[in-house]
Structure formats: structure tokens, C-alpha cells
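Subject: Structure handover

Dear colleague,

Here is the structure we discussed, and my notes on what was found in it follow below. Please read them with the model open beside you.

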Amino acid sequence: MSDHHYDVLILGSGAAGLTAAIYAARANLEPTLIHGMQPGGQMTITTDVENFPGFPEIIQGPWLMEQIQAQAEGVGTNMISDLIIEANLQKKPFKLTGDSGNTYTCNALIISTGAEAKWLGLDSELKYQGFGVSACATCDGFFYRGKQVAVVGGGNTAVEEAIYLTKHATKVMLIHRRNSLRAEKMLQKRLLANPKIEIIWDSALEEVMGKHEGPMPEVTGIRVRNIKTDNITEYSLEGVFIAIGHQPNTSIFVNQLKMDEEGYLITQPDSTATNIPGIFAAGDVQDNKFRQAVTAAGTGCMAALETEKYLANIVNQTTMAAQ
Ligand code: NDP
């Protein structure tokens, strides 16, 4: 166990955190970035990326994050791997505690802890998580080669996952609670044109069915309720992917930083400043609206520039007070 002090700490290594690191390093702030168990953030669990500017050909999400990380390290970012389990932001320096037992204090903090997949909250979903129920098609889709699967949700993630899963599965059911999709029109067009995909409209997943006869539990089917008629239908399949959106990773900041009702950190308009001077938030942790890699990178840049200004003001104030 050891204590470390830094001028600037960045928490989180997705597009926002790494971009903040690039800008902070180039401003000679010698940033240290702490990342947890999924370095690279949500982009590391996507596949094809077609909308990150600068890449006319389709690129892979994990590859893109490796490039941004290499760039951040190349300009002088110090990277630390530790899962931060506690934050004490009430007094300065701000203090973070990792599950390693190490503590990290800093004068300025950029929070870019991102968001993670939401679950429906069914007992059966929890029971088969990791044994046929997943929230990441690109991580687990390979296991369903030649099998049938379902995806729950109607947003971009659900539609992209359904299309991706057709590379492996023989049939993909998309179960959506309404009769129209939230996903972009271009994705909807691809979805509707894919003969392996069947959309089950106005429907909710009621139960994941399975058995536990072999060494591990396995999914054998689902029970789906039509919301309009209340009719229940059972389908036989081997995998269920939940793609119903995300929640921000802000639990360690509860009662310390201002959040909205969904837990997203609130930042000042046109700024990444939180309610505590010296703490800035960038990326999906403060963005409930756009949630794109490019917007996360943009707010990461803003956070670094605002951090530079904040630290320069402190130095100026200290110098003036000493005169
Ligand atoms: P969204 O919030 O966009 O969509 C969530 C979907 O899940 C909605 O269709 C919603 O239904 C449904 N849903 C939510 N809660 C439940 C529930 N309890 N039971 C059943 N269905 C539920 O999340 P996504 O993860 O799809 O996307 C998040 C953001 O990331 C978006 O801004 C999206 O544009 C972006 N994104 C962009 C990509 C790209 O540009 N390539 C790829 C993936 C994501 P309803 O529609 O009825 O509300």
C-alpha cells in the first residue's frame, strides 16, 4: 500500500479520458491516468466503427482505442491500473482509493469513468448471466455459431448487435417493447434487409428459461409477453443479449458531486466543470444525450483545457498572495 500525489489525475481510459490525457500531456501537466478492469472503455467491446472522423475505411473499436492510448502514452501520460473504489472529494487535495489499497491524491481531477450496460432486472437474467445471457454481442457472439439467439432493445446498440450476431447465429430475434425502433435509419434499413433477423414488436422478455444438467447452466429458451395482448409466447434458443442502454459509472461520487436523476454528472453549460472547483467530467459519465466516441473525445479535450486554466489560476493566486 502506498500514497501518491499528482497535479492532475484522470480517471477512466475511454475516448474521453485518453483525449484529456493527450491534451493535458501536451500542456506539460504530466497527467496520470488511472484505468480499471476494462481499459479503453466501451469502444473495446464494439466491432466496426464507421463514424469516427479520419477513417474512411471501417475500423475496429479496440484498434482505435489502442491507437489513442499509444498517442496518450507517446506524449507523456503516466498510466496506472487500479480499480478506484472510494473517492473523497470534500476537501483538497482530492483523494481516490484503489482496491490495491493504494491512495492517489491530486489538485485537479478529470472524471471520465463512462457508462455501462443496463440489465432488465429479471431473476432468470441474473441466473444465466455468463451462461447464455450477455450484454455484449461482440464479446460473446462467437459462442453462438450455428445457434439461435435473441437481442432485447430497439436502439443503435440492439440493432448493431443483432446485425453482428447474424455473422455467427442461424437466426436472431430482436425483441422490442414498442412498434418502432429508436436506432438510426441507416441501421434500421440494414436490419430489415437481413433475412436472418426477425423482429418481435411490442414485446417484453418475461423470463429466460434454461437447465442445469451438465457442468454449467445453459439457456434453452425465452418467454416473451406481447404488451398489447398480454399473450405469452415461448421460443427455443441458446443465447440472449440485453441491449437496453447504459448507466453512468458514478456510484463512488454519490452525495459528493451533483448528478441528474439517472446518475449522470452535471456539468456547467458549455463546460466540463462540476459543482466542485477543480473537478471536471468528460464523456459518457456526463453525457446522457450524444454518447459517441467523438463527442467523448471532444469533452475530454475541453476538460484538459479547463484543468490547465484552473491550475494556472491557482498558481497565479498563490503568487499574488505571496507578494
Ligand atoms: P438507447 O438508450 O438509445 O436505446 C435503448 C433501447 O432499449 C431503446 O430502444 C429502449 O426502448 C430499450 N429499453 C430501455 N429500457 C428497457 C427495458 N427496461 N425493457 C425493454 N427495453 C428497454 O441505448 P443504446 O445503448 O442503444 O445507445 C446508447 C447511445 O449510444 C445512443 O446515443 C446511440 O446513438 C449511441 N450508439 C451509437 C452507435 C453508433 O453510432 N454506431 C452504436 C451504439 C450506440 P424505447 O425505444 O422504447 O425507449
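In these notes a residue is called buried under 20% relative accessible area, exposed over 50%, and partly exposed in between (1.4 Å probe, protein chains only). The model is predicted, so local features need pLDDT of at least 70 and side-chain atom pairs count only at pLDDT 80 or more, while totals for chains, interfaces and linings use all residues. Residues are numbered from 1 along each chain as its sequence is written, and side-chain values use heavy atoms, with hydrogens and water left out.

Salt bridges come first, meaning a side-chain nitrogen of Lys or Arg within 4 Å of a carboxyl oxygen of Asp or Glu. The whole structure holds seven of them. One of these pairs K228 with D202, whose closest N and O atoms are 3.5 Å apart. Because K228 lies in the loop between β15 (218-226) and β16 (232-236), and D202 in the loop between β13 (197-200) and β14 (203-211), this pair ties together parts that are 26 residues apart in sequence. D202 is buried, at 14% relative accessible area, whereas K228 is exposed, at 60%.

Strand β15 also takes part. (Strands, E, of at least two residues and helices, H or I, of at least four are DSSP runs, numbered from the N terminus.) R225 forms a salt bridge with E206, the closest N and O atoms being 2.9 Å apart, and since R225 lies in β15 and E206 in β14, the pair ties together parts that are 19 residues apart in sequence. R223 meets E234 in a salt bridge at 3.1 Å, N to O, and this pair links β15 to β16, eleven residues apart in sequence. E234 is partly exposed, with a relative accessible area of 48%. Through shared partners, salt bridges join E206, R225 and D230 into one network.

As for the interior, a nonpolar core here is a set of buried Ala, Val, Leu, Ile, Met, Phe, Trp, Tyr and Cys residues joined through side-chain atoms within 4.5 Å. The largest has 31 residues, and those with the most contacts inside it are I10, L18 and I68. Its largest share, seven residues, comes from α1. Not counting residues up to four places away in sequence, I68 touches L18, I22 and F52, contact being heavy atoms within 4.5 Å. Apart from this core lies another, of 21 residues, including A87 and C106.

With regards
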